[in-house]
Amino acid sequence: MAKMEKSTLLHIAELSKLSFTDEEAEVMMEQMGDIIDLMDTIRDAELEYDDTKDNKEISYQQLRSDIAADSYPAEKLLKNAETDGTGSCYTIPKMME
């Protein structure tokens, strides 16, 4: 199990503007060590990607035809949109304070 050094944790905490008590620092070092171990496990996994196997079971005959169709009229899509009065801008309700 990897263990993070306390100096490294305190440096990261300083950069993140966090503060820990000694007890919290010990718990955090253990948790960070667990995360590092997990990342090492993922890095060591044997993964091989073969792009020639992607979608081999779908033939071109099974795909739909690409047929152009008329779009909805812009007037119908924008009939509930609020404008600024000039018609050149749309007003969007405020989402956050």
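View 1. At a relative accessibility of 51%, aspartate 22 is classed as exposed (buried means under 20% relative accessible area, exposed over 50%, partly exposed in between; 1.4 Å probe, protein chains only). The model is predicted: local features need pLDDT of at least 70 and side-chain atom pairs pLDDT 80 or more, whereas totals for chains, interfaces and linings use all residues. Residues are numbered from 1 along each chain as its sequence is written, and side-chain values use heavy atoms, without hydrogens and water. The side chain of aspartate 22 forms a salt bridge with that of lysine 6 (3.3 Å, N to O); such a bridge is a side-chain nitrogen of Lys or Arg within 4 Å of a carboxyl oxygen of Asp or Glu. Aspartate 22 belongs to helix α2 and lysine 6 to helix α1, so the pair ties together parts 16 residues apart in sequence. Lysine 6 is partly exposed, at 32%.

**View 2. A network of salt bridges in Asp40, Arg43 and Asp44.** Aspartate 40 and arginine 43 both lie in helix α2, three residues apart, about one turn of the helix. Their side chains meet in a salt bridge of 3.2 Å, N to O. Arginine 43 also pairs with aspartate 44, at 3.9 Å, N to O. Aspartate 40 is partly exposed, with a relative accessible area of 25%, whereas arginine 43 is exposed at 61%.

**View 3. The buried residues of α2.** Ala25, Met29 and Gly33 are the buried residues of α2, and they pack against α1 (6-15). Here helices are DSSP runs (H or I, at least four residues), numbered from the N terminus.

Technical notes: Helices (H or I, at least four residues) and strands (E, at least two) are DSSP runs, numbered from the N terminus. Contact means heavy atoms within 4.5 Å.
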